[in-house]
Amino acid sequence: MSSSASTLRRITVLSGGVGGARFLQGLFHGLRSGVVPGGSADTEVTVVANTADDWWIHGLKVCPDLDTVMYTLGDGIDVERGWGRRDETWSTRTELEAYGVEPTWFGLGDRDIATHLVRTQMLEAGYTLSQVTEALCRRWLAPAYGASVRLLPMSDDRVETHVAVADPDSPSGRRVVHFQEYWVRLRAAVAAEAVLVVGQDAATPAPGVLEAVAEADLVVLPPSNPVVSVGTILGVPGVRDAVRATSAPVVGLSPIVGPSHVHGMAAQMLASIGVEVSAGAVGEHYGARAAGGVLNGWLVDERDAAQLSRLEQAGIRAAAVPLMMSDHDATAAMAAAAVSLVTAPA
Ligand code: GDP
Ligand code: CA
């Protein structure tokens, strides 16, 4: 055996969509180019992806975060958009619109639809989402990564994030919409009054999820949305406890840089749960493992260096480094810094 105490044989990453996928791309780049301390091309990475954005549309089961990770790592992603298939066409969408089929605000690309058709047929034939994901990954991940990457849904059970927004026309003064409606139709431009994760309490982690956390040498929270990506994964009963109990160090990277998120709607989601929108506050929200939370270490952007002392005071080892995923080298350097933060002697 060539492994030593500092060798990273297994890394487990709790990922959302675009932010998580870009981080994973940089992590693999760093593992293969040798810049991640203890890591190598043989390091096995298990990605536990958020499935609370999933929904059924036009009779199809769509899993945005699983697909974003799969297409990104498998080099099928539309790089500009950050989601969906490259060289996409939209004929099906146009035809559905011509029939007046609602909702017209959510468009599925023609190439992407093939993925959802395969998934939906397999689910209807009785396969679990885990089994379907494994089958889809045979196309997207196996050729480039072999056994060194595994993509797991957080749960095979239906879990759906819903968002409460103000609605003066409703007797209660609010309306609850599916996460996709909040994000795609409302463009997260109205305040989120609450986030409700329907089905979460009754969900169980998908096969392999708890083991992947328990048996990892390192657990990483990438700069994914802390509420509706990482938060929903940690909220599946058993997952947070597994992260708290693992012997592996747990390190996270802030999705908040300076006053807001880099892309997406982390600020709106943090506001809805009463957490200040800052790198330090998100670290405190996850909390130190020594104080009932999940983090050993938390990386913030160099612009947020002033937040380091509050994190250290909260019992979280912290460092400030460039946290913009501008290219694979920059992202690999972030991954390397995350590993160093929790593996180097204090
Ligand atoms: P989603 O499911 O597609 O929303 O993706 P994730 O939840 O995985 O990630 C979204 C988060 O990634 C957003 O809150 C962004 O702030 C964060 N993010 C995106 N690009 C960057 C970046 O370059 N640096 C950092 N630190 N965060 C980023
Ligand atoms: Ca997502």
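In which kind of crossing does α2 pass α5? The crossing is right-handed, a term used when the near helix is turned clockwise from the far one by less than a right angle, with anticlockwise giving left-handed. The model is predicted, so local features need pLDDT of at least 70 and side-chain atom pairs count only at pLDDT 80 or more, while totals for chains, interfaces and linings use all residues. Residues are numbered from 1 along each chain as its sequence is written, chains are lettered from A and ligands numbered from 1 in the order in which they are written, and side-chain values use heavy atoms, with hydrogens and water left out.

Two packed helices are described by the angle between their axes and the distance between the axes. Helices (H or I, at least four residues) and strands (E, at least two) are DSSP runs, numbered from the N terminus. Axes are lines fitted to C-alpha atoms, for helices over the stretch in contact, and angles run from 0 to 180 degrees between N-to-C directions. Helix α5 covers residues 129–140, and α2 packs against α5 at an angle of about 20°, with the axes 10 Å apart. The two are therefore roughly parallel to each other (under 35 degrees; over 145 is roughly antiparallel, 65 to 115 roughly perpendicular and the rest oblique). Contact, meaning heavy atoms within 4.5 Å, is made by Leu66, Met70 and Tyr71 of α2 and by Leu129, Thr133, Leu136, Cys137 and Trp140 of α5. These residues divide into 7 nonpolar, 1 polar and no charged; Ala, Val, Leu, Ile, Met, Phe, Trp, Tyr, Cys and Pro count as nonpolar, Asp, Glu, Lys and Arg as charged, and the others, Gly among them, as polar.

Helix α2 (residues 64–73) also packs with helix α1 (residues 18–33), at an angle of about 30° and with axes 9 Å apart. Helices α1 and α2 are therefore roughly parallel, and their crossing is right-handed. From α1, the contact involves Val18, Ala21, Leu24, Gln25 and Phe28; from α2, it involves Thr68, Val69, Thr72 and Leu73. By class, there are 6 nonpolar, 3 polar and no charged residues. Thr72 is buried, with a relative accessible area of 6% (buried means under 20%, exposed over 50%, partly exposed in between, with a 1.4 Å probe and protein chains only). Apart from neighbours within four places in sequence, Thr72 is in contact with Ala21, Gln25, Asp67 and Ile77.

Asp53 lies in the loop between β2 (44–49) and β3 (55–57), and Asp65 lies in helix α2, 12 residues apart. Asp53 is buried, at 6% relative accessible area, and Asp65 is buried, also at 6%.

In helix α5, Ser130 is buried at 14% relative accessibility.

Most residues other than glycine have a negative phi, and most peptide bonds are trans. Asp87, not a glycine, has a positive phi of about 55°, and Ala188 has a positive phi of about 50°. Asp87 is exposed, at 56%, whereas Ala188 is buried, at 4%. The peptide bond from Glu102 to Pro103 is cis, with omega near -5°.
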